[in-house]
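Please look over the sequence and the fold below.

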Amino acid sequence: EAPVPVVEVRRETRMLGGAANVASNLAGLGAKPLLCGLIGEDRAGREILSMVGQMGLRTDGIVVDPYRPTTIKTRVVAHNQQVVRFDKESKKPIDPESLKKILDHASSAVMDTDVVLVSDYGKGVVSRELIQELLALARKRDILVAVDPKIGNFLSYLGVDILTPNHEEASSYCRFEIEDEESLIEAGRILLSDLSCEAVLITRGKDGMTLFEKAGSVTNIPAVAKEVYDVTGAGDTVIATLCLGMAVGLDLPSSALLANFAGGIVVGKVGTSSVGPQELREAIIGYRARVDPTHRAAEPGN
C-alpha cells in the first residue's frame, strides 16, 4: 500500500452548496428566497432540484445546462477536521442561452423581492454582464443589490450596493496584506471608491467583521464564535442574514451584527449548514449574558 492517509468511511451526507446553501440559510430563518442558478443534466443536478423542492422553494429559476456538470465538492472529514477536498466542476463562462434564461427569470422574480443577493463562486455564472443587467432590474424598483465576491472578479461588481469580501479577498483586490487597523481602513476605502459601493463588509475570521459605509462611518464587530470546526459556507450564512435583516427593515450596522452572530453559529458546525431563528436568538441572549451578567433576557416572543 502506498504511504498515504487511509480513511475508513463511516458516513456520507449530501448538502446543498453554492447559491442553494444561501437559499437554505434564508429559508431556515423564515424567508422565501427565489433561487436562481445553473446545474447540469445529471444525477447531482436532479438531487439539487429534489432537495430545493423539499424545502418548499421554487425551482423554476434553476437553469439546466446539458453540456456542463453540476458542481460537486466532496470533503473528507475526520475528527471534525477537513482532511481533503476534491471537486468535479466546470469554470468556463456560461453560454449566452443560459445567461438569457437566468436574466429572464430574474426579471420576473425581482417583482416579488426585497433584495437581490448574488453569490459568486467563480464557476462562470457571475459576469460583468449579469451584474449590470441585475442592477438595471433592481434600480427600476429601488431594490438593494448585495454581492458575496470572488477573487479575480471584483471589477464585475461595479455599482452594487453592498459587497461582503472576506479578509483574503479584500487583500487580493487591494494588492497588499491587511495586517493592522491602518491597512484595514485603507482596504475598505479602496473598495468603496473603486467599486462605487454604498457599503463594504469585510469578514475577518477570528477578528470579527468591519463595516465600511460610503458616508464615512466604520463599525468594528467583534467575533462571537465560541468554537470553530469548519468555516465552509460561513460567507453564505453571513450575506443571507445580512440581506434578510435589511429586507425586514433593520439598518445596515444592525443587520451586520445579526449576520455576525449567525456566522459564529455555523462555524461551530461541520459542512455547509444553516441557522434557525431559535438558534440565533439563543446565541444573542447567551452573548449578552456573558458580556453583561446583569442583563435580563426578554420574554419569548418579544
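This is a predicted model: local features need pLDDT of at least 70, side-chain atom pairs count only at pLDDT 80 or more; totals for chains, interfaces and linings use all residues.

Y67 is exposed, at 72% relative accessible area. Here buried means under 20% relative accessible area, exposed over 50%, and partly exposed in between (1.4 Å probe, protein chains only). Y67 sits in the loop between β2 (62–65) and β3 (72–78). Helices (H or I, at least four residues) and strands (E, at least two) are DSSP runs, numbered from the N terminus.

Residues are numbered from 1 along each chain as its sequence is written, and side-chain values use heavy atoms, with hydrogens and water left out.

**Loop residues with positive phi**

D142 is not a glycine, yet its phi is positive, about 55°. D142 belongs to the loop between α4 (128–140) and β6. Its relative accessible area is 72%, so D142 is exposed. S196 also is not a glycine and has a positive phi of about 55°. S196 lies in the loop between α6 and β8 (199–203). With 42% relative accessibility, S196 is partly exposed.

**Aromatic rings**

The structure has 2 aromatic pairs. Rings of Phe, Tyr and Trp (its six-membered ring) pair if their centres lie within 6.5 Å; planes under 30 degrees apart count as stacked, over 60 as edge-to-face and the rest as tilted. F154 and Y173 are stacked, because their ring centres are 5.2 Å apart and their planes lie at 15°. This pair links distant parts of the chain, 19 residues apart. F154 is in the loop between β6 (144–148) and β7 (162–163), while Y173 is in helix α5 (residues 167–174). Both F154 and Y173 are buried. Ring pairs join F154, Y157 and Y173 into a cluster.

**Helix packing**

Three helix pairs are set out here. Axes are lines fitted to C-alpha atoms, for helices over the stretch in contact, and angles run from 0 to 180 degrees between N-to-C directions.

| Helix pair | Axis separation | Angle |
|---|---|---|
| α1 (residues 19–28) and α7 (residues 234–247) | within 9 Å | roughly 45° |
| α7 and α8 (residues 252–266) | 8 Å | about 150° |
| α5 and α6 (residues 181–195) | 10 Å | about 65° |

Take α1 and α7, whose axes cross at roughly 45°. That angle makes α1 oblique to α7. Angles under 35 degrees count as roughly parallel, over 145 as roughly antiparallel, 65 to 115 as roughly perpendicular and the rest as oblique. The α1 and α7 crossing is right-handed. A crossing is left-handed if the near helix is turned anticlockwise from the far one by less than a right angle, and right-handed if clockwise. N21, V22, N25 and L26 of α1 meet D236, T237, A240 and L244 of α7. The contact residues comprise 4 nonpolar, 3 polar and 1 charged. Contact means heavy atoms within 4.5 Å. Ala, Val, Leu, Ile, Met, Phe, Trp, Tyr, Cys and Pro count as nonpolar, Asp, Glu, Lys and Arg as charged, and the others, Gly among them, as polar.

α7 also packs with α8, at about 150°. This crossing of α7 and α8 is right-handed. On the α7 side are A234, T237, V238, T241, L242, G245 and M246; on the α8 side are L252, S255, A256, L258, A259, A262, G263 and V266. The α7 and α8 contact has 10 nonpolar residues, 5 polar and no charged.

α5 and α6 pack at about 65°. They are therefore roughly perpendicular to each other. The crossing of α5 with α6 is left-handed. A170, Y173 and C174 of α5 make the contact with A187, I190, L191, D194 and L195 of α6. That contact has 7 nonpolar residues, no polar and 1 charged.

**Two residues of α8**

S255 is in helix α8. S255 is buried, at 0% relative accessibility. Leaving out residues up to four places away in sequence, S255 touches L242, G245, M246 and L250.

L252 is also in helix α8. L252 is buried, at 10% relative accessible area. With residues up to four places away in sequence left out, L252 touches I162, A199, L211, E213, L242 and M246. L252 and I162 are 90 residues apart along the chain, and their C-alpha atoms are 9.6 Å apart.
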